[in-house]
Amino acid sequence: MSTPEITSTSGAGFATNPAFRALLTAASGATGADLDAVVEEIKDLELLVAPDAGGEPAALAAYRRIDGFAVEIEYLAVAPALQNQGLATALVHRIQGDEAAMVVARTDDDAIGFYRAAGFHAGDSPPDSRWPGRRRYLCVLPHLPLLRSPQSDDGGVEWIHGEPSPAPVHVVPASPHWAGDFDALAGRLRDALGSRALALEHLGSTSVPGLWAKPVIDVVLTVEDPDLEDHYVPLLEAAGFVFRLRERGWYGHRLLVSGPGSGLPAANIHVFAPGCPETARMLAFRQWLRTHPADLDAYARIKRASAERINERGGGAGLVMDYNRAKEPFIRDLYARILQGHPGPEER
């Protein structure tokens with residue numbers, strides 16, 4: 001059976017259509033007045049519909065723009081007669097093709113298998129009050145052109161509490177304690193933010209077993225909008241973290257660190273929005289190093305040599321930023337190889 005033609009349309013013309021309403025009930029669980037509210041919501045979203053042989057809506061995807069890099073699927077459903085024929089995947093691919101964006105979806109155990117099979121990276125997300133007691137996931141499908149052409153993080157740094165003082169760069173052998181350190185940090189972040197912490201990932205060198213690294217845990221925290229600092233910064237400061245910088249021109253990045261006397265492991269908390277290409281790049285980098293021992297060893301050598309050269313110079317050259325710049329040629333070349341093809345989904 002051929003795949004039905006997918007068309008972009010408006011939800012306004014489907015408000016009373018029984019087939020369309022049945023699809024929305026399947027996607028949302030809503031009925032009655034709640035379903036009427038969903039139908040109204042659909043009118044403000046981008047909508048794709050695929051008809052059955054009789055012209056009735058047999059599949060739909062409704063989505064919205066998050067920012068310049070990502071869109072989020074709000075509702076996705078396929079009628080029972082057309083399920084398991086690739087139509088849901090075709091809808092997702094159509095969204096990505098039309099929007100040239102990362103695709104974000106939030107789901108539970110009922111649909112997580114589909115999203116993983118479709119190439120999404122799935123991370124644990126807070127429960128949704130609409131479905132209490134159900135495990136939730138934040139899923140992201142990378143858009144390869146955005147990963148291949150990242151925004152530059154040069155310049156535009158707004159330091160909070162002043163710039164850091166020069167300090168030696170310490171690179172040490174991998175520690176078996178780093179995974180536990182991440183767990184402790186994640187627990188503190190979840191306790192502080194609750195449902196505002198949409199996802200937490202252990203990234204950077206300490207997330208790769210066997211890799212030499214600075215003994216500082218890199219955590220990527222996903223929040224709805226990093227620009228809304230009042231929604232999360234005060235809560236994190238109360239939990240023992242210190243706000244260090246913002247980079248509005250680099251994916252809206254914010255950075256917090258573990259505060260002195262907080263009892264927390266040394267950490268950098270990187271804050272990004274859902275579907276941020278930089279998060280996907282770091283996930284691809286982590287997965288590659290975890291599965292390519294020769295590149296892991298080469299990167300470890302580069303890190304040790306770069307730290308030694310930076311520390312020998314002393315003075316202002318001892319900044320971590322100088323160390324990061326020294327690694328850039330290797331990292332840039334490795335990313336070029338990693339992103340030759342689409343990075344596959346990583347199961348956790």
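The radius of gyration is taken over C-alpha atoms, and the rule for a globule is 2.2 Å times the number of residues to the power 0.38. Keep that in mind as we look at this predicted model. With 348 residues, a compact globule would have a radius of gyration near 20 Å, and the chain has 22 Å, which agrees. Along its principal axes, the C-alpha trace spans about 75 × 40 × 35 Å.

What is the chain built from? Its elements are 10 helices and 13 strands. Of the contacts with a separation of 6 or more, 66% are between residues 24 or more positions apart. Buried residues make up 50% of the 348 residues. The accessible surface comes to about 16,300 Å², and carbon and sulfur atoms account for 52% of that surface. As for charge, the chain has 33 positive and 45 negative charges, whose mean positions are 6 Å apart.

Now let us zoom in on one helix, H2, which runs over residues 32-42. Which of its residues are buried? They are Leu-35, Val-38, Val-39 and Ile-42. These four cover an arc of only 100° around the axis, which puts them on the same side of H2.

Technical notes:
Residues numbered from 1 in each chain as written. Predicted model: local features only at pLDDT ≥ 70, side-chain atom pairs only at ≥ 80, totals over all residues. Heavy atoms only, no water. Helix = DSSP H or I, 4+ residues; strand = E, 2+ residues; numbered from the N terminus. Buried < 20%, exposed > 50% of the residue type's maximum accessible area, 1.4 Å probe, protein only. Contact = heavy atoms within 4.5 Å. Areas by Shrake-Rupley, 256 points an atom, 1.4 Å probe, with all protein chains shown as cover. Lys, Arg positive; Asp, Glu negative; His and termini not counted. Charge placed at Lys NZ, Arg CZ, Asp CG, Glu CD. Arc of directions from axis to C-beta.
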